[in-house]
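Keep the viewer open and follow along.

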Amino acid sequence: MLAVEISTPGPPEVLKPVERPDPVPRTGEVLIRVAAAGVNRPDVLQRRGAYPPPPGASDLPGLEVAGVIEMLGDGVADWRVGDRVCALLSGGGYATLCAAPAAQCLPAPAGMDLVTAAAIPETFFTVWTNVFDRGRLLAGETALFHGGSSGIGTTAIQLAVARGARVLATAGSDEKCRACEQLGAERGINYRSEDFVDVVKQVTAGRGVDLILDIVGGDYIARDLAALAIEGRLVVIGMMGGGDTATIDFRRILGRRLTVTGSTLRPRSVEEKGQIAAAVRREVWPLLESGAVKPIVYKTFPLRDAAAAHRLMESSEHVGKIVLVT
Ligand SMILES: NC(=O)c1ccc[n+]([C@@H]2O[C@H](COP(=O)([O-])OP(=O)(O)OC[C@H]3O[C@@H](n4cnc5c(N)ncnc54)[C@H](OP(=O)(O)O)[C@@H]3O)[C@@H](O)[C@H]2O)c1
């Protein structure tokens, strides 16, 4: 098969198209003929050598694909050869074939092309498990999403609005703020020209927000705590700001009964990811099939041009997802 490998840790140019032996599905896995593979920020971290694949995962980058099932491993009863699926992976998506645990596959939503479907799994699983499961966001509550124009942010805004929450989102330009508002955010906050704590206080009449999904970390953490309402939840899932430590005032956590939590999706077991898949299928698939929410595909690149896709991602010019097409 054709694959794109990380020849050595480094800049986008280290991504090299190569021939690799076809993967063989193990027990409980399916082999997928890949139509398209989503690009995610964790792929960039892996390429730089900062996010190694978990034990047993493919060394190839790629956390999500969509395609057609070509072969079933032993013990797979829920899928048939020829089914159109999208799948969450621990790696291996930057290739024309990949093996995926059957429990991490979902049917491509009815009426959706496979390029769009490839942009679903990583962000929808991550947003589901962090915003609605861990973060317990309810209809009528208010959420603040940092990085509102990111793959994660565009998914979080749409899902939260579709489920009846009020949404505020930060982004790095006025144009990106307007894109967040077009997706349903009540107010985009340009973090380069506005203080998000002040805007949150203004918009919520001093109350604060119920949930914050933070991909920035570092000195955002103390400011997040200042922007949370009583019983608010802070869920940290990334460190785009570069800082993995923070100094915070615990009196605020005690006094306002706040929860600070976070998670990473990739190292979780197939069983846990299968549970997230089942919840996403039950709660989110109807929204995707009705068109109430959709992955925002900003640009596609041929698989061989994965380096150009990574350059675009690192420029942060995009709004939504970048997808590789085989
Ligand atoms: N924990 C998990 O399970 C999990 C899973 C998937 C992704 N993630 C994390 O979620 C984040 C988003 O991933 P993605 O794939 O959606 O990435 P993405 O589409 O590339 O978006 C990242 C966005 O972050 C913003 N940004 C960059 N530097 C920033 C800074 N210093 N301060 C504030 N914002 C900054 C950029 O937009 P602006 O123009 O607004 O700056 C950029 O568009 C990443 O940190 C990733 O590692 C976590």
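Let's start where two helices touch. Phe196, Val197, Val200 and Lys201 in helix 6 meet Tyr220, Arg223, Asp224, Ala226 and Ala227 in helix 7; contact here means heavy atoms within 4.5 Å. Six of the residues in this contact of helix 6 with helix 7 are nonpolar, none are polar and three are charged. For those classes, Ala, Val, Leu, Ile, Met, Phe, Trp, Tyr, Cys and Pro count as nonpolar, Asp, Glu, Lys and Arg as charged, and the others, Gly among them, as polar.

A word on what you're looking at: this is a predicted model, where local features need pLDDT of at least 70 and side-chain atom pairs count only at pLDDT 80 or more, while totals for chains, interfaces and linings use all residues. Residues are numbered from 1 along each chain as its sequence is written, and side-chain values use heavy atoms, with hydrogens and water left out. Helices (H or I, at least four residues) and strands (E, at least two) are DSSP runs, numbered from the N terminus.

**Two helix pairs**

Back to helix 6 (residues 196-203) and helix 7 (residues 220-227): their axes come within 9 Å and cross at roughly 10°. The axes are lines fitted to C-alpha atoms, for helices over the stretch in contact, and angles run from 0 to 180 degrees between N-to-C directions. Helix 6 and helix 7 are therefore roughly parallel to each other. Angles under 35 degrees count as roughly parallel, over 145 as roughly antiparallel, 65 to 115 as roughly perpendicular and the rest as oblique.

Now try helix 3 and helix 9, whose axes come within 10 Å and cross at roughly 90°. That makes helix 3 roughly perpendicular to helix 9. On the helix 3 side you'll find Phe124, Phe125, Trp128 and Thr129, and they meet Lys273, Ile276, Ala277, Ala279, Val280 and Glu283 in helix 9. The residues of this contact split into seven nonpolar, one polar and two charged.

**Helix 7 and its last stop**

Helix 7 is mostly covered, with six of its eight residues buried; buried means under 20% relative accessible area, exposed over 50%, and partly exposed in between (1.4 Å probe, protein chains only). The buried ones are Tyr220, Ile221, Asp224, Leu225, Ala226 and Ala227. They pack against helix 6, strand 11, strand 12 (228-236), helix 8 (250-256) and strand 13 (259-262).

Zoom in on Ala227, which counts as buried at 0% relative accessibility. Leaving aside its neighbours within four places in sequence, Ala227 is in contact with Phe196, Val197, Val200, Gly208, Val209 and Ile212.

**Two pockets**

A pocket here is an open set of points on a 1 Å grid over the protein atoms alone, where a 1.4 Å probe fits, with protein on both sides within 12 Å along at least five of seven lines; lining residues have an atom within 4 Å of a point.

The largest pocket has 45 lining residues, with Arg41, Ile215, Gly238, Met239 and Met240 nearest its centre. Helix 1 (41-47), helix 3 (121-134), helix 4 (151-162) and strand 9 (166-171) are the elements giving two or more residues to that lining.

The second largest pocket is lined by 31 residues, and Arg26, Gly56, Ala57, Ser58 and Ala99 are the closest to its centre. Two or more lining residues come from strand 6 (97-101) and from helix 9 (270-283). Strand 6 gives the most, with five residues.

Most residues other than glycine have a negative phi. Ala205 isn't a glycine, yet its phi is positive, about 55°. You'll find Ala205 in the loop between helix 6 and strand 11 (209-214), and at 74% relative accessibility it counts as exposed.

Ser316 is another such residue, with a positive phi near 60°. Ser316 sits in the loop between helix 11 (306-315) and strand 15 (321-325), and is partly exposed, with a relative accessible area of 29%. In helix 11 itself, the buried residues are Ala306, Ala307, Ala309, His310, Leu312 and Met313.
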